[in-house]
Amino acid sequence: MVFSSLKFIFVFLPIFFACYYLTKPKGRNIILFLGSLVFYIIGSVEHPVHLAVLLISVLMDFTSARIIEKNKRIKKPVMFINAGLHLVAFITFRYTDLVMPVGISFYTFQGISYVADVYRGKIKAERSLVSFGAYICMFEQLIAGPIVTFSHVKDRLHDRNVNIFEAVDGFKVFVFGLGLKVLLANPLGNLWGDITAIGYESISTQLAWLGAAAFSFQIYFDFFGYSLMAIGLGKMLGFEIPKNFDMPYISKTMTEFWRRWHITLGSWFRDYVYIPLGGNRVSFLTNIGNLFIVWTLTGMWHGASLNFIIWGLSLFVIIVCEKYIYGRFMQRFSLIGHLYMIFLIPVTWSIFAVDDLGQLITFFSRLFPFFGEASGVVMEGDYIKYLSDCWPFLAVGAVLSTRVPFELLKKVNKLVMTIVLLIIFAASCYCMYIGLDDPFLYFRF
């Protein structure tokens, strides 16, 4: 079950929130925990072992944190054993033929960060298993994030009230995210799907670049839309879910881009990998090594295919070059920096998108034909038809990648905004009704 489905919006949400709001505040964690498990069961009904993995993870993290807090002498081995078991489970599912449990990439990181924070004395171990289970399993962020640390929600976990105005505001955010997913990301995804079906060896250079641009907007508005929906649902539940995107496509360097893209993942790697390794308070070579580890792990976290390792290492090389050679220049001369990123964003996302190494080489031979032509018959002007079909979505995507429309929205009359959101909601529901409810891209990771 996905957020962008009629079953979720018109069946699960009304039933869940009716139970949630009718329950007294002290009992809402029980409803949240049980409701989230129901949500997870529906989504993984064909793989019941996945629910067992999730519940074992919850129990392991809860118990490990309590042991660490009670027995200081064994807290270090307990922390490392806990993290090790998480990683073994994650790697086993990621790098074998086993079906990967939905959301394991996210609840693994939340569990590791929780136990690590208890070990460091940053937070107190949670006393209630139900409340801790509600934190890990919160359905609005269980499947694809954002990655929410316990310290971010611990106060609201036991003391939260939701009024009608907050609930309505949360639903508005949810609807806007739904529109980005269904009305923008999905149509752009159709173009990339068509290009993949045609075969990279049979497309022109123009169509290759058009497809790379379409995928770049698709993955952004797909994941940005999901994150907004999660934030909106969190607000309806009484939680403040952290922002996950901050206009990444207006960045002037790749370093800046990754401070704005999937912010909670970047913060996790910074706080629990990069800084513990020494961060940038080390020698030049050690810092290079730290960055290498972070970006290699980032690539591996996203997938088991070789292209994800290549993608992570490509980002590592670019970011090191920016850090020590030309990053300040790009920040100083904005136009050059933006042009640089307009080129790099679709190129790096192309590596991310094509998981077969041979096909990736073929696609790049189309992007950059002066490095050698790929074999195959190319229909001249093939890009014209696709451009005529998708240019409105590309144009809207380009505009919504900037701050301008969001600044204008702040000035729009509330009544007008409500009408716009109702139109977005109705159009999204219609698209879902006719079958345009593609799953979120990040469900694969």
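Predicted model: local features only at pLDDT ≥ 70, side-chain atom pairs only at ≥ 80, totals over all residues.
Student: Which side chain meets that of Arg120 in a salt bridge?
Tutor: A salt bridge requires a side-chain nitrogen of Lys or Arg within 4 Å of a carboxyl oxygen of Asp or Glu. For Arg120 such a pair lies at 2.7 Å, N to O.

Student: What N to O value belongs to the salt bridge of Glu240 and Lys235?
Tutor: Glu240 is partly exposed at a relative accessible area of 43%. Lys235 is likewise classed as partly exposed, at 24% relative accessibility. The side chains of Glu240 and Lys235 meet in a salt bridge with an N to O value of 3.6 Å.

Student: Which residue meets Asp271 in a salt bridge?
Tutor: Asp271 has a relative accessible area of 24% and is partly exposed. The side chains meet at 2.9 Å, N to O, and the partner of Asp271 is Arg270.

Student: Which residues are linked in a network of salt bridges?
Tutor: Under the 4 Å criterion, the count for the model comes to 12 salt bridges. The network links Lys243, Asp246, Glu256, Arg260 and Arg403.

Student: Where does Met247 lie, and what is its phi?
Tutor: Met247 lies in the loop between helix 10 (205-237) and helix 11 (254-260). Met247 is buried, with a relative accessible area of 9%. Most residues other than glycine have a negative phi. Met247 has a positive value, near 50°.

Student: What is the phi of His262, and is this residue buried or exposed?
Tutor: His262 lies in the loop between helix 11 and helix 12 (263-274). Its phi is positive, in a residue other than glycine, and is near 45°. With a relative accessible area of 0%, His262 is buried.

Student: With which residues is Asn82 in contact, leaving aside its neighbours within four places in sequence?
Tutor: Asn82 lies in helix 4 (residues 75-94). Its relative accessible area is 2%, so Asn82 is buried. With those neighbours left aside, the contacts of Asn82 are Met60, Asp61, Ser64, Gly111 and Val115.

Student: Why is the chain described as being as compact as a globular protein of its length?
Tutor: The secondary structure of the chain comes to 19 helices and zero strands. For 445 residues the globule rule gives 22 Å, and the chain is close to that value, so it is as compact as a globular protein of that length. The radius of gyration of the chain is 23 Å.

Student: What share of the contacts in the chain with a separation of 6 or more comes from residues 24 or more positions apart?
Tutor: Along its principal axes the C-alpha trace spans about 65 × 55 × 45 Å. Of the 445 residues, 52% count as buried. Among contacts with a separation of 6 or more, the share from residues 24 or more positions apart is 76%.

Student: How far apart do the centres of the positive and negative side chains lie?
Tutor: The chain exposes about 20,600 Å², of which carbon and sulfur atoms supply 68%. Its charged side chains comprise 37 positive and 28 negative ones. The centres of the two sets lie 14 Å apart.

Key:
Residues numbered from 1 in each chain as written. Heavy atoms only, no water. Helix = DSSP H or I, 4+ residues; strand = E, 2+ residues; numbered from the N terminus. Rg over C-alpha atoms; globule rule 2.2 N^0.38 Å. Buried < 20%, exposed > 50% of the residue type's maximum accessible area, 1.4 Å probe, protein only. Contact = heavy atoms within 4.5 Å. Areas by Shrake-Rupley, 256 points an atom, 1.4 Å probe, with all protein chains shown as cover. Lys, Arg positive; Asp, Glu negative; His and termini not counted. Charge placed at Lys NZ, Arg CZ, Asp CG, Glu CD.
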